[in-house]
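Have the coordinates open as you read.

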Amino acid sequence: MKFVTRSFLSIFLLICFSATAQKKKPADALLPVKQAAIQDIASKYDVYKKIALQIWGYAELGYKEQKSSALLQQTLKENGFAVEAGVAGIPTAFVATFGSGKPVIGILAEFDALPGLAQEAVPEHKPVEGQAAGHGCGHHLFGTASVAAGIELKSLMEKNKWQGTIKVYGTPAEEGGSGKVYMVRDGLFNGVDVVMHWHPNNVNEIEFSGALANSSAKFRFHGIASHASAAPERGRSALDGVESMDYMVNMMREHVPSDTRIHYVITNGGKAPNVVPDFAEVYYYVRNPNREVVKEIFQRVVKASEGAALGTGTKVDYEIIGGTYDLLLNKTLAEAAQLNLNMVGGVKYTPEEIEFAKKIQATLGFKTPAIDEADTVKPLHKTEGNMGSTDVGDVSWNVPTVGFGTATWVPGTPAHSWQAVACGGTDIGVKGMMAAAKTLTLTGIDLLRNPSLIEKAKVEFDAVRGKDFQYKPLLGDRKPALNYRD
Ligand SMILES: [Zn+2]
């Protein structure tokens, strides 16, 4: 029943969107070139599959993505891009440029993995022996599709003698490292007209819901070591400092806006029960849809740490680890990308892939959507309550930005799960990635050939952002936290 209603809605909206598309002459004129581009990318399936699966196998953590970054850089160089590596003080960050003049189109490419999620490409939980990380967020597909789109746009520009500049941004450490924030702070996005990105997903849809602003920090307590039994009175426990702080922050939850998220892990709690710990560390995240609220709550968390130190006779200091803005959405660009995603369509499974998908869904332990949802495209819709955060947020407040997701994971699969890692290592993941590469390319064609689209997006961007906006990164002037995964 639900499916039927949804299908009707999709068809209705599709008709509406097609009607809008027909009104815009330039989009129609570009149809043959778009169709040819789809065919051309499709013909390179094996090339990009190989690259993506190589990065999937590397599974490198944030700021340590040497091999993954090098492979993407090499691919771009071989295809005529000029690559500047090690930008913004980050060894694995790069900007690959082709062309000159306006418009300047940026494409984001991520490639970091997550700790503790190593998993083979099979539909049962099977960690890879001796591997510490896995691509639970599909960033191996993310980086590869963005590179593929950059290369396709470049060849179209050459062939058709189109003006403009394509910049592919190699953006490390999205998972907690806020890599893009340093790149924005260093002015690497200055002069860019529009930025495109995408993200692996379990559905095909335009990103049209916000994200939470986020501040994270490690609080370090310093006490006095002593024999915990023979001379406890001489010691001051750094772990007491951490526990008191956590207690106060947990009390604070009742007195913050209800859409706030605060979470922590104790990353060092001492080494042995019979030694009063002279060092302990706790790692905090504070999130809210409004970054001003995040700033205020973060200061209250700092106060809690100071109170905890005072009461336990310890000392505390903290290091900001990450900080990201909420997402600034752009409806003009979202509508344009929707038409392209509709044209590309979803992901079709072979009978073997349907079997794989059924097995994955059976492991999820909740009611899952129909498998053929992977082959549908959702109409543009605003979903409330997106509780994730992304460093794309900072980009989106500096340049009009558009993003979308494609079904690289079996419908129902959550991100950051072993099931997502497994899907990402198969053709299910690769097919979703190719749909993303095509959608980025088609949207890039619109941006290169339809100046009024960029104009309209900028008018909307300026209006929503406000005249007085001044960019101040939440992580201040700290240097990139290159060792945050140590
Ligand atoms: Zn991600």
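D193 and K458 form a salt bridge, with their closest N and O atoms 2.6 Å apart. The term stands for a side-chain nitrogen of Lys or Arg within 4 Å of a carboxyl oxygen of Asp or Glu. D193 sits in the loop between α7 (179-185) and β7, while K458 belongs to helix α15 (residues 451-465), so the pair ties together parts that are 265 residues apart in sequence. Helices (H or I, at least four residues) and strands (E, at least two) are DSSP runs, numbered from the N terminus. D193 is buried at 3% relative accessible area, whereas K458, at 27%, is partly exposed. The cut-offs here: buried is under 20% relative accessible area, exposed is over 50%, and partly exposed falls in between (1.4 Å probe, protein chains only).

A quick note on the ground rules: this is a predicted model, in which local features need pLDDT of at least 70 and side-chain atom pairs count only at pLDDT 80 or more, while totals for chains, interfaces and linings use all residues. Residues are numbered from 1 along each chain as its sequence is written, and side-chain values use heavy atoms, with hydrogens and water left out.

By the salt-bridge rule, the count comes to 22. Here are some of them.

| Pair | Closest N to O |
|---|---|
| D193 and K458 | 2.6 Å |
| D40 and K44 | 3.0 Å |

In the D40 and K44 pair, D40 is partly exposed at 28% and K44 is partly exposed at 25%. K295 and E292 are 3 residues apart in helix α9 (residues 291-312), which means about one helical turn separates them. K295 is partly exposed at 35%, and E292 is partly exposed at 45%. There's also a network: R220, E281, E319 and R478 are joined by salt bridges that share partners.

H139 in helix α6 and H199 in strand β7 are 60 residues apart, so to speak a link between distant parts of the chain. H139 itself is buried, at 0% relative accessibility.

On to the sheet. Its 7 strands run in the order β1-β2-β6-β3-β7-β13-β8, forming an open sheet with mixed pairing. At the edges are β1 (82-85) and β8 (205-206), each pairing on one side only; two strands pair if DSSP finds at least two bridges between them. Strands β3 (residues 104-109) and β6 (residues 164-170) run parallel and are joined by 6 bridges. I105 stands opposite I166 in β6. Helix α6 (residues 139-160) packs on the sheet, touching β2, β3, β6 and β7 (194-201), and its direction makes about 140° with that of β7. Axes are lines fitted to C-alpha atoms, for helices over the stretch in contact, with angles from 0 to 180 degrees between N-to-C directions.

Finally, L448 lies in helix α14 (residues 427-449) and is buried at 5%. L448 touches I105 and I166, among others including W162 and G164, leaving aside residues up to four places away in sequence; contact means heavy atoms within 4.5 Å. The C-alpha atoms of L448 and G164 are 6.8 Å apart, although 284 residues separate the two along the chain.
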